[in-house]
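Please read the points below alongside the displayed chain.

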Amino acid sequence: GLSVPGDLSVIGFDDFQIASRVWPPLTTIRAPTREIGRLAADRLLGVTEGDKRDPEWRLPSLVVRDSTAAPGKQEP
């Protein structure tokens with residue numbers, strides 16, 4: 001008997017393609033996992049070779065869709 005996002009907000013992780021196609025569209029965290037892995041490997045190899053530079057990291061981002069509502073906001 002609960003409604004999303006009226007009574008309950010739902011959030012997922014990794015922003016799979018289906019997240020935008022379900023009802024209501026799912027708010028997710030988009031994490032560039034391949035890029036994070038590549039940067040981590042580059043960093044590890046750089047450290048072993050004496051490279052002290054910090055890589056430019058891309059942080060996860062929030063993709064807001066209809067499965068979440070602001071605190072106190074009621075669904076129409």
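1. Helices (H or I, at least four residues) and strands (E, at least two) are taken as DSSP runs and numbered from the N terminus. On that basis the elements of the protein follow the order β-β-α-β from the N terminus on, that is, one helix and three strands.

2. This is a predicted model, in which local features need pLDDT of at least 70 and side-chain atom pairs count only at pLDDT 80 or more, while totals for chains, interfaces and linings use all residues. Residues are numbered from 1 along each chain as its sequence is written, and side-chain values use heavy atoms, with hydrogens and water left out.

3. On confidence: pLDDT is the predictor's confidence in each residue, from 0 to 100. The protein has an average pLDDT of 82, and 80% of the residues score at least 70. Confidence is highest in strand β2 (residues 27-30), at a mean of 92, and lowest in helix α1 (residues 33-48), at 81. Where pLDDT is low, the predicted coordinates should not be read in detail.

4. On burial and contacts: a residue is called buried under 20% relative accessible area, exposed over 50% and partly exposed in between (1.4 Å probe, protein chains only). Of the 76 residues in the protein, 21% are buried. A contact means heavy atoms within 4.5 Å. Among contacts with a separation of 6 or more, 58% are between residues 24 or more positions apart.

5. The protein exposes about 6,000 Å², of which carbon and sulfur atoms supply 58%.

6. Which residues make the nonpolar surface patch of about 270 Å²? L2, L8 and V10 make this patch. Patches are built from residues with over 30% relative accessible area and no salt bridge, joining like charges within 9 Å and nonpolar side chains (Val, Leu, Ile, Met, Phe, Trp, Tyr) within 5 Å. A salt bridge here is a side-chain nitrogen of Lys or Arg within 4 Å of a carboxyl oxygen of Asp or Glu. L2 is located in the segment before β1 and counts as exposed because its relative accessibility is 66%.

7. Two cis peptide bonds deserve a look. One joins V4 and P5, with omega about 5°; P5 is in the segment before β1. Another joins W23 and P24, with omega about -10°; P24 belongs to the loop between β1 and β2.

8. F13 belongs to strand β1 (residues 11-13). Is F13 buried or exposed? F13 is exposed, because its relative accessible area is 52%. Leaving aside residues up to four places away in sequence, F13 touches T28, I29 and A31.

9. D14 is in the loop between β1 and β2, and its phi is near 90°, a positive value in a residue other than glycine. D14 counts as partly exposed because its relative accessibility is 26%. D15 lies in the loop between β1 and β2 and has a positive phi of about 45°, although D15 is not a glycine. D15 is buried, because its relative accessible area is 15%.

Key: Accessible areas come from the Shrake-Rupley method with a 1.4 Å probe; for residues, only the protein chains shown count as cover.
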